[in-house]
Amino acid sequence: MEIITSIKNPIIVKTLKIKKDCKNKIFLEGVKLILDALDYGLNIDYLLICKDKEEFFKEKYPFLFKKTAYIISNNVLNSLCDTNTPQGIVAIFDFKKFDIDIPKNNFIVLDNIQDPGNLGTIIRSASGTSFKELFLINCVNPFNQKVIRSSMGGIFKEKIYFINSIKDFISFATNNKLKLLVATMEGSNIFEFSKPESPFGLVVGNEGKGVSPELKNITTNKISIPMKNGLESLNAGVSCSIIIYCLDNMKSN
């Protein structure tokens, strides 16, 4: 098989563009994320494997070579990867979009979260709890490279719904009588709160503006994390993580 040795090769140029844009395709680096994505049900568009690791991957993961695979040189691999010690394998996946459905599990509603680190943290935390569905309203792309890395593979353990507007979610939530809690500074102390019966959702707002007023108006309970030493609040990723772990470990009404 011919080895791709130039970063100007059309396949590599296309790969770099996908990695930068992260819109209709998903770029993944490392065997764990690639295997997680396959388990999630994503389809590989094509696979790029470093020549030095070709035999290793053929022996350990022969099923990967049933996909469209290209062998690349070390310099090409390094141009694609952000890590200092790349594992020798990257893949491009087709984007998967779930049809919006009534949640069967506890869920999180994210209103205009824009920081990839916050979104990745929330996804990673959710993957370790009963919160298995996320509704994203005008948020940063969850398949952004920074989100994928900070989620540590948690993104492939969650069902993610993309919502076009707050109005669309409000209509969906009211029509289906969803139980919603909202994280807000004026809410009740989370440590003195009794959660409703599952499934229910936690609404978390934008890093600077919080939850939109119209979205806050349809929630049934307001909850907060008590602060000391004059601190007003934590960032969205940390506060959401604390709250969902608390909710997971308290009794229902």
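In the predicted model, the sulfur of cysteine 81 lies 9.0 Å from the closest cysteine sulfur, that of cysteine 50, which is too far for a bond. A disulfide would require the two sulfur atoms to be within 2.5 Å. Cysteine 81 is counted as buried because its relative accessibility is 9%, under the 20% limit for that class. Cysteine 240 likewise takes part in no disulfide, the nearest cysteine sulfur being that of cysteine 139 at 11 Å. With a relative accessibility of 1%, cysteine 240 also counts as buried. By this criterion the number of disulfides is zero.

The overall architecture was examined next. The protein contains nine helices and eleven strands, and its C-alpha trace extends over about 65 × 40 × 30 Å along the principal axes. Of its 253 residues, 49% are classed as buried. Among contacts with a separation of 6 or more, 78% join residues 24 or more positions apart.

In soluble globular proteins, nonpolar side chains tend to be buried together. Here the largest nonpolar core comprises 70 residues, and those with the most contacts inside it are Leu110, Phe169 and Leu247. Helix H9, spanning residues 236-248, makes the greatest contribution to this core, with six residues. When neighbours within four places in sequence are set aside, leucine 110 contacts Leu119, Ile122, Leu134, Phe135, Leu136, Ile137, Cys139 and Val204. Another core, of 14 residues, lies apart from the largest one and includes Ile4, Phe27, Leu48 and Val90.

Helix H5, residues 116-126, is largely enclosed by the rest of the structure, because eight of its eleven residues are buried. These buried residues are Pro116, Asn118, Leu119, Gly120, Ile122, Ile123, Ser125 and Ala126. The elements covering the buried residues of H5 include strand E6 (106-111), E7, H6, E8 and H9.

Serine 125 belongs to H5 and is buried, with a relative accessible area of 12%. Beyond residues up to four places away in sequence, serine 125 touches Ser241, Ile244 and Tyr245. Serine 127 is located in the loop between H5 and strand E7 (131-137). Its contacts, apart from neighbours within four places in sequence, are with Lys132, Gly154, Lys157 and Glu158. The C-alpha atom of serine 127 is 8.9 Å from that of glycine 153, although 26 residues separate the two along the chain. Threonine 129 is likewise placed in the loop between H5 and E7, and its relative accessible area of 6% makes threonine 129 buried. With neighbours within four places in sequence excluded, threonine 129 contacts Ile244, Tyr245 and Asp248. Ile244 and Tyr245 are therefore contacted by serine 125 and also by threonine 129. Threonine 129 and phenylalanine 107 are 22 residues apart in sequence, and their C-alpha atoms are 10 Å apart in space.

Within H2, the residues Val31, Leu33, Ile34, Asp36, Ala37 and Tyr40 are buried. Their cover includes E2, strand E3 (44-50), helix H3 (54-60), strand E5 (89-94), H6 and strand E8 (159-163). Just after H2, glycine 41 adopts a positive phi of about 105°.

The second largest pocket has a volume of about 340 Å³. Its lining consists of 17 residues, with Glu29, Gly30, Leu33, Gln87 and Arg149 lying nearest the centre. At least two lining residues are supplied by each of strand E2 (25-29), helix H2 (31-40) and helix H6 (145-151). By residue class, the lining divides into seven nonpolar, six polar and four charged residues. Leu33, one of the residues nearest the centre of this pocket, is also one of the buried residues of H2. Strand E2 and helix H6, which contribute to the lining, are also among the elements that cover the buried residues of H2.

Notes. Residues numbered from 1 in each chain as written. Predicted model: local features only at pLDDT ≥ 70, side-chain atom pairs only at ≥ 80, totals over all residues. Heavy atoms only, no water. Core = buried A, V, L, I, M, F, W, Y, C linked by side-chain atoms within 4.5 Å. Buried < 20%, exposed > 50% of the residue type's maximum accessible area, 1.4 Å probe, protein only. Helix = DSSP H or I, 4+ residues; strand = E, 2+ residues; numbered from the N terminus. Contact = heavy atoms within 4.5 Å. 1 Å grid on protein atoms, 1.4 Å probe; cavity = no way out; pocket = protein on both sides within 12 Å on 5 of 7 lines; lining within 4 Å. Points joined across faces, edges and corners; volume = space filled by probe spheres on them. Nonpolar A, V, L, I, M, F, W, Y, C, P; charged D, E, K, R; others polar.
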